[in-house]
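Visitor: I would like to learn how to read a few features of a model from its atoms. Could we take them one at a time, with the general idea before the case?

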Amino acid sequence: HVPVLMILLRIRTRLSRSRSFPALQTASFWSRSSPEERRQRRAELKKELKKGYFADLEDFRKTGGKKFEADDSLLPKQMSKNYPDMKGSTLSGQDVHFPREMVGKTTIVLVSLRAIGQSMCDEYRKTVVDTRLTSSLQLYEISLLENFAFRSIRFWIERNLRKSIQPPERQNHYVCIGDNVEEIKLSLPIENVLLGHAFLVDADGLVRWKAHGAPTEREKKYFVECVTACLAERKK
């Protein structure tokens, strides 16, 4: 089965190239928007669908995928956007709904779509775990299953993830999501599906800090400082 999986892992993927943080758009967008807005949205999605795995790979070869270094401080609340709506299930079988799970809590969210991105997310996870800050916050790891090929072998993927995501308690906060993935990618945004992405969300569900790709030493320092600052805000 391994060769089949490797072929599936090379299936063309879709990504967002937007550098802004677009307004939250989920399934409710399609039911509440006007026909003209829906036509415009479909046109945007079709444009994004023309981009794929090989563009990401070329970008990764040239730059490592990192477009910029993360900020050294929290984004002000008035400039921050809500974490997008998404539903999934943990490896332990519990249904989760974001951002509902984040209300009243400081949350770190690590998002990946490929194994290489997962390894990058592990660097962010280990950075905070080593500081013992995790006792004061919650940390979720999210695997986005972005196309039919991945969703069709979801059981197989989750079974193998359960073997690698250890200790077992970690599986309570490791989430697989297969619905509305293109919308999620546009909302976060995720510009390169090969990379891992880190988001720091405050108790109001606002994204206050984000990073992508393998963290530099400075980004690790910024990450810890921003987590500490976000926790301090909640105590005020």
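Visitor: Which side chains meet D204 in a salt bridge, and how should I read such a pair?

Guide: A salt bridge is a side-chain nitrogen of Lys or Arg within 4 Å of a carboxyl oxygen of Asp or Glu. Here the side chain of D204 meets that of K77, at 2.7 Å from N to O. This is a predicted model, in which local features need pLDDT of at least 70 and side-chain atom pairs count only at pLDDT 80 or more, whereas totals for chains, interfaces and linings use all residues. Residues are numbered from 1 along each chain as its sequence is written, and side-chain values use heavy atoms, with hydrogens and water left out.

Visitor: Where do D204 and K77 lie in the chain?

Guide: Helices (H or I, at least four residues) and strands (E, at least two) are DSSP runs, numbered from the N terminus. D204 sits in the loop between β6 and β7, while K77 sits in the loop between α4 (53-63) and β1 (86-90), so that the pair links distant parts of the chain, 127 residues apart. As for accessibility, buried means under 20% relative accessible area, exposed over 50%, and partly exposed in between (1.4 Å probe, protein chains only). D204 is exposed at 53%, and K77 is partly exposed at 35%. Both also belong to a network of salt bridges that links K77, D202, D204, R208 and E233.

Visitor: How many salt bridges does the structure hold?

Guide: The structure holds 17. One of them joins the side chains of E141 and R125 at 4.0 Å, N to O; because E141 lies in strand β4 and R125 in helix α5, this pair ties together parts that are 16 residues apart in sequence. Both E141 and R125 are buried. Another joins R154 and E158 at 2.8 Å, and these two residues both lie in helix α7, 4 residues apart, about one turn of the helix. R154 is partly exposed, with a relative accessible area of 23%, whereas E158 is buried at 11%.

Visitor: Which residues have the most contacts inside the largest nonpolar core?

Guide: In soluble globular proteins, nonpolar side chains tend to be buried together. A nonpolar core is a set of buried Ala, Val, Leu, Ile, Met, Phe, Trp, Tyr and Cys residues joined through side-chain atoms within 4.5 Å. The largest one here has 21 residues, and those with the most contacts inside it are Y83, F98, V109, V111, I142 and L144. Elements that each supply at least two residues include β2 (95-98), β3 (107-112) and α8 (181-187), and β4 gives the most, with 3 residues. A second, separate core of 20 residues includes I108, C121, L137 and L200.

Visitor: What should I look for in the backbone angles?

Guide: Most residues other than glycine have a negative phi, and most peptide bonds are trans. In this model a cis peptide bond joins Q166 and P167, with omega about 5°, and P167 is placed in the loop between α7 (154-164) and β5. A cis peptide bond also joins L188 and P189, with omega about -15°, and P189 is found in the loop between α8 and β6. R132, in the loop between α5 (115-129) and β4, has a positive phi near 65° and counts as exposed at 69% relative accessibility.
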